[in-house]
Amino acid sequence: MSTRFLKKLASLAVVLLILWIIYLYHQVPHRRFPFENATTKAAQIILEKGPQKAQLSKSGGEWKIQSGASAIYPADENEVRALLSTLNDVQVEDEISSRADRLPDFEVDGASGTRLSIQDAKGVMLADGVFGKQAPDISHIYFRYPDKPNVYLARGLVRGELGQPTVNAWRSRQLIPIAETQIEGVLIEGKGFK
């Protein structure tokens, strides 16, 4: 055998070995954090479940909730902060199913799943996912990416922490936007009392 032939054979073996290693790497499931980087850049959060929709927008450093086409109300900052903090820790793990006909079983379909989208200030989609029902072990929730039928187990979130996609669930309950330290007195007047 010639040296040139041996060099070509060795090169081919190295290329095949590299391709085999890449193939094996892709076969091992890697944990993903789909909302990790999105939460710090979030300027808009959209929650949808069936016909219900809640749209939270960050304006001037404060979160607002939009009702319909025109009404905008202050959002509860603590609720939004808690949601973003929880989403930051959501970890997608094992694939459970790849069949589209099984989506209702895990409640990750359009009718019963809660779709959560995060966009930046320019409207660019940063993260998007559909959360379903809680898994039997309670520490996982079913999750899928909206453009794919694959259903995964996700850790780090309980379904109730997503909140409801309604305006009243996110609206601030603060009646007067004044800090408690700035209030010197409260006067309540009514018919026959003061």
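This is a predicted model: local features need pLDDT of at least 70, side-chain atom pairs count only at pLDDT 80 or more; totals for chains, interfaces and linings use all residues.
Mentor: Two strands count as paired if DSSP finds at least two bridges between them.

Trainee: Which residue is the bridge partner of Val130 in β8?

Mentor: Strand β7, residues 125-134, runs antiparallel to β8 and is joined to β8 by three bridges. Strand β8 itself covers residues 140-144. Within β8, the partner of Val130 is Arg144.

Trainee: Which residue in the turn between β7 and β8 has a positive phi?

Mentor: The two strands form a hairpin, and five residues lie between them. In that turn, a positive phi of about 65 degrees belongs to Ile138.

Trainee: Which residue in β9 stands opposite Phe143?

Mentor: A hairpin through six residues links β8 to β9. The strand β9 comprises residues 151-155, and four bridges join β8 to β9 in an antiparallel arrangement. Opposite Phe143 stands Tyr152.

Trainee: Which residues of β8 point the other way from His140, Tyr142 and Arg144?

Mentor: In a regular strand, side chains alternate between the two faces of the sheet. In β8, His140, Tyr142 and Arg144 point one way, and these residues are buried. Pointing the other way, and also buried, are Ile141 and Phe143.

Trainee: How many of the residues of β8 are buried?

Mentor: Strand β8 is mostly covered. The number of its residues that are buried is five of five.

Trainee: Is His140 buried or exposed?

Mentor: The cut-off for a buried residue is under 20% relative accessible area. His140 has a relative accessible area of 6%, so this residue is buried.

Trainee: Which side chain does a polar contact of 2.8 Å join to that of His140?

Mentor: Leaving aside neighbours within four places in sequence, His140 is in contact with several residues, including Gln134, Leu153 and Arg155. Glu93 also belongs to that group. The polar contact of 2.8 Å joins the side chain of His140 to that of Glu93.

Trainee: Turning to β1, which residue in β2 is the bridge partner of Leu47?

Mentor: Strands β1, residues 44-49, and β2, residues 52-59, run antiparallel and are joined by six bridges. Their hairpin has two residues between the strands, and Gly50 takes a positive phi near 60 degrees there. In β2, the partner of Leu47 is Ala54.

Trainee: Which residue in β6 is the bridge partner of Glu48?

Mentor: Strand β1 is also joined by five bridges to β6, residues 114-119, and these two strands run antiparallel. In β6, the partner of Glu48 is Arg115.

Terms used
Residues are numbered from 1 along each chain as its sequence is written. Side-chain values use heavy atoms; hydrogens and water are left out. Buried means under 20% relative accessible area, exposed over 50%, partly exposed in between (1.4 Å probe, protein chains only). A polar contact is a pair of N or O atoms within 3.5 Å; within protein, one must be able to donate a hydrogen and the other to accept it, and residues adjacent in sequence count only if both atoms are side-chain atoms. Contact means heavy atoms within 4.5 Å.
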